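Thank you all for coming; I would like to take a few minutes to walk through one structure with you.

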Amino acid sequence: MTVTPEAVDHVTAPDVDVVVVGAGLSGLTAARRLHQLGLRVAVFEASSRVGGRVSSTTVEGVHVDLGGTFVGPGQDRIIALADEVGVRRFPTYAAGENVIRWRGQHRRYRGTVPPMGANLLDVGRIQLSLDRLARSVPRGNPAAAPRAAELDADSLGSWLRRSRASTTARDLIAIASRTTWGCEPDEVSLLHALHYIHQAGGLSSMLDTEGGAQEEHFVEGSHEIARRIAADLGEAVRLNAPVQRVETTEGGVLVSAGDERVAAGAVVVAVPPALRSRIAFAPALPAVHAQMSQRWPAGVLSKAYAVYETPFWRERDLSGQGLSDTGPVFITFDASPPERGGPGVLLGFVGGVYAREWDALPAEERRVRVLSSFADLFGARALDATGFIDQRWGAEPWAGGGPTAAPGPGVVVPYAGALAAPVGRVIWAGTETADRWTGFMDGAVRAGERAALQARGFVASSSQDHTRTGASA
Ligand SMILES: Cc1cc2nc3c(=O)[nH]c(=O)nc-3n(C[C@H](O)[C@H](O)[C@H](O)COP(=O)(O)OP(=O)(O)OC[C@H]3O[C@@H](n4cnc5c(N)ncnc54)[C@H](O)[C@@H]3O)c2cc1C
């Protein structure tokens, strides 16, 4: 049942138990868990597809993930969810040597950290210092860290300079920063970076392929998880339905998307922090919530895939993993399908400072520059791609960037508390609200599961307060 605007100033007979705003992995997980608890849900999704920051397509018949892709040890909730809906995993190809193009030189190496001569010791020192500092930041409550305000006032970049990190160490951390937050080290709060590193189990766990967050990816693609959950929810999921208004009334909430207005016991808002401000809340949210939304912008991370007849780099005992200090592509992976003997696929990331320039180029120029980056790393055969696709997340109206929020210096201590704290019947989800693996698909699932339990609490209490009559799904 849809309620006309004049009909309601209090909710006694909700249309559904919980409305979920946003059909990314977090919102879909919340909806699935609520449905499994026997509650009635409606999911409003602004765009024409589900998945949000996970999205997939095919190039030359080969499946590619345009957004979130990799999973690794400790990411138990996304893995459990994928298993639940029958989406399979396979190891990221990591056999052979990695390559790095650095200061005009080309080298092969094994492991995550490239050999940098005397600088290698300094890279190790910086990594140890960051990991040690990160452990001092409590998971889920960065503002409670010792010297939190001081750490927050710093950027990751200024800390690196103060720590007298070598240029090589600074450049390598810049690569990690672009991949992780979609921004340069000077743009992200040191406290946020440390909190993020702690939640992800340390820098190695965050950056490694074997044994780390890039260890596996999904055979059917990460987007298939979202698609299958949405298929199970059926008509409960409404596409092309951007929520404009959430009104808390006596005994419930009214959620409006276009002409539709749905009454519920609670609402789970599962959109990135910066997009919360596009929704009008009545009564207005406490100021700290509205201010947080303006101060937690998304980073910028884009992706490009080139398809080849074969994974030709493997013939030279190369893993397809590469690092470069020139750009636009600064890090690569082998994203070929699991079957041996099939086509080869190289994935390149363009983020931070590189994305700002490259994202604005015409499609053909973007292709030329990416293939040229691949050729710098893997030789001239990389120019002979049979297929190519890229995805610029900064141009996605309902993502605003990626991979996750990148708060600048000074905004974590005053505003992080507003990320996940419910405001009455308004409950928050989304990967940025997670207390483990925030920013990752796993964080999105964890946050969705936590939000479902919070919402159930509200619905259970309102069913004691109100006798519902004539409620319909
Ligand atoms: C390029 C890139 C690479 C990444 N790589 C990885 C990786 O390898 N591994 C990993 O774990 N993670 C990765 N991530 C991050 C991961 O994709 C995200 O953490 C996760 O998908 C976020 O899910 P979410 O549900 O929290 O948010 P979202 O996916 O952003 O979902 C929010 C949804 O809300 C909708 N919405 C917004 N406003 C409204 C509104 N007003 N009304 C209704 N709907 C609205 C949006 O359209 C969207 O569908 C990557 C992300 C990007 C962009």
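I will begin with the domains and then turn to the ligand. Please keep in mind throughout that this is a predicted model.

The protein chain is divided into domain 1, which is made of residues 5-51, 223-297 and 404-465, domain 2, which is made of 89-112 and 299-403, and domain 3, which covers 115-207. If you take the centres of domain 1 and domain 2 over their C-alpha atoms, they are 35 Å apart.

How many residues of each of these two domains are in contact? On the side of domain 1 there are 11, and they are in contact with 8 residues of domain 2. Together the two domains bury about 710 Å² between them, and carbon and sulfur atoms contribute 55% of that area. Within domain 1, Leu275, Arg278 and Thr404 lose the most area to domain 2, and together they account for 52% of what that side buries. As for the interactions across this interface, there are 0 salt bridges, while 2 residue pairs are in polar contact. Sorted by class, the side of domain 1 that touches domain 2 has 6 nonpolar, 3 polar and 2 charged residues.

Let me now move to the ligand, which is surrounded by 36 residues, the closest being Glu45, Arg53, Phe70, Thr431 and Met441. A polar backbone atom of Phe70 is 2.9 Å from an oxygen atom of the ligand, and for a backbone N or O atom of Phe440 the distance to a ligand oxygen is 3.4 Å. On its own the ligand has 1000 Å² of accessible area, and the protein covers 97% of it.

Methods: Residues numbered from 1 in each chain as written. Predicted model: local features only at pLDDT ≥ 70, side-chain atom pairs only at ≥ 80, totals over all residues. Heavy atoms only, no water. Domains from an automatic or database assignment. Contact = heavy atoms within 4.5 Å. Buried area = accessible area lost by both parts, 1.4 Å probe. Salt bridge = Lys/Arg side-chain N within 4 Å of Asp/Glu carboxyl O. Polar contact = N/O pair within 3.5 Å; in protein donor to acceptor, adjacent residues only side chain to side chain. Nonpolar A, V, L, I, M, F, W, Y, C, P; charged D, E, K, R; others polar. Near = heavy atom within 4 Å. Areas by Shrake-Rupley, 256 points an atom, 1.4 Å probe, with all protein chains shown as cover.
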